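Have the structure open while you read.

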Amino acid sequence: MARTNQRDFYEVLGVSKTATVEEIKSSYRQAALKWHPDRNPKNKEEAEVNFRECTEAYSVLSDSEKRQVYDTYGHAGLSSAGGATDFNGTIFQDFHDIFGDFFGFEDILGGGRRGGGRARSQRGADLRYDMTLTFEEGAAGVTTKIKVPRLEFCSACKGTGAKAGTGATSCQSCGGRGQLAYQQGFFTITRTCPACQGAGQIIKERCLECRGQGRIEKEKTIELRIPPGVDSGTRLRVQGEGEVGANGGAPGDLYVVLEVKEHPFFERRNADLYCTIPLSVVQAALGTELQVPGLNGEEKLKIPEGTQSGAVFRIKGRGLPDPRGGGRGDLYYHVQVLTPTKLTRDQRKLMEQLGATLKVENKPAERGTSFFDKVKDIFG
Ligand SMILES: [Zn+2]
Ligand SMILES: [Zn+2]
């Protein structure tokens with residue numbers, strides 16, 4: 001959608017950059033009522049332009065993902081990310097959500113009625129594909145192929161639904177419009193034509209391949225590149241890989257929803273990883289150097305002399321990568337000093353000798369805080 005001189009969406013709706021979703025919705029509702037073409041019979045064209053403009057602004061600002069893209073990259077970001085390109089498809093739903101069937105909105109938003117006899121096109125459905133990754137795949141990213149069952153154009157009838165060599169006739173009930181309109185006060189109320197189910201035409205002989213649907217279920221193999229560092233709940237959008245639209249409508253999008261399996265000992269907090277490493281009393285007291293498991297092979301962890309149980313050591317930049325680009329998280333090792341439970345006679349003797357000179361004041365310690373709070377305090 002290479003348009004220039006597009007007005008700022010916030011300006012269009014007359015809201016501030018920090019406006020809440022409710023404020024945006026309310027502003028849009030007012031603007032849409034003001035510019036609804038049915039309420040502006042004398043300047044219908046101007047009203048329609050304004051109506052579309054505020055509806056587009058609303059479709060972006062009311063969607064937190066699109067709004068973020070818009071805030072960062074402006075209009076250009078939306079066209080490259082596909083945020084606004086499918087505007088006519090999704091806007092329909094947005095508008096429907098707010099006003100329901102109150103207006104004859106299909107009419108205004110590029111519906112087929114205007115085309116006079118052309119069947120109404122509909123954007124294809126979005127599809128969801130759930131995918132489970134191992135922890136390692138989620139960390140390193142993966143390129144994979146998935147098979148998605150979806151509706152595609154029927155090649156036998158080229159999507160028309162009519163048997164080869166036969167045609168379709170315009171629906172007589174609605175005059176090929178696919179909709180029936182009723183005037184009620186200010187508003188035109190439109191309904192889907194029951195005779196043709198909105199298609200605007202009636203097929204004499206159905207295509208046998210798709211049973212007159214014009215679309216047919218097929219399995220499509222899609223190559224998917226999953227960036228490194230994704231977490232459970234990450235949703236990847238593959239534009240245009242959803243179902244094909246009815247009557248030549250734009251295809252929907254495919255959403256791949258990821259689930260990343262947990263690691264046996266690394267616990268994840270955003271891009272940071274945490275794990276607990278046991279230490280012997282002697283290692284904690286005298287200090288040592290350990291080889292500990294990391295995300296990519298072993299890490300060297302230096303335990304200084306006099307380390308307390310519960311101490312946390314950080315290895316910077318060795319956590320998970322940020323899937324949105326940017327840096328990596330950190331790796332945290334939480335050490336736990338293990339008290340020996342089965343001492344040999346010699347060990348017990350040594351402990352007793354040590355105890356004769358090693359004294360601790362056994363008075364209550366200060367109330368502790370949680371492990372993660374402590375980590376935050378130390379490393380910020
Ligand atoms: Zn067919
Ligand atoms: Zn009809």
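This is a predicted model, and the protein chain averages a pLDDT of 81, with 86% of the residues scoring at least 70.

Let's begin with a residue in a helix. Ile-24 sits in helix α2, which spans residues 21–35. Is Ile-24 buried or exposed? Ile-24 counts as buried because it has 20 C-beta neighbours inside 10 Å, and the cut-off for that label is 20 or more. Leaving aside residues up to four places away in sequence, Ile-24 touches Leu-13, Val-15, Ala-19, Tyr-58, Leu-61 and Ser-62. Take Leu-13, one of those contacts: it lies eleven residues from Ile-24 in sequence, and the C-alpha to C-alpha distance is 7.2 Å.

Now for some strands. Strand β11 (residues 272–280) pairs with β10 (residues 267–269) and also with β15 (residues 331–338). Here's how the two pairings look:

| Strand pair | Sense | Bridges |
|---|---|---|
| β10 and β11 | antiparallel | three bridges |
| β11 and β15 | parallel | eight bridges |

β10 and β11 make a hairpin with two residues between them, and Asn-270 in the turn has a positive phi of about 50°.

Key:
Residues are numbered from 1 along each chain as its sequence is written. Chains are lettered from A and ligands numbered from 1 in the order in which they are written. This is a predicted model: local features need pLDDT of at least 70, side-chain atom pairs count only at pLDDT 80 or more; totals for chains, interfaces and linings use all residues. pLDDT is the predictor's confidence in each residue, from 0 to 100. Helices (H or I, at least four residues) and strands (E, at least two) are DSSP runs, numbered from the N terminus. A residue is buried if 20 or more other C-beta atoms lie within 10 Å of its own, exposed if 12 or fewer, and partly exposed in between; C-beta atoms are placed from the backbone. Two residues are in contact if their C-beta atoms, placed from the backbone, lie within 7 Å. Two strands pair if DSSP finds at least two bridges between them.
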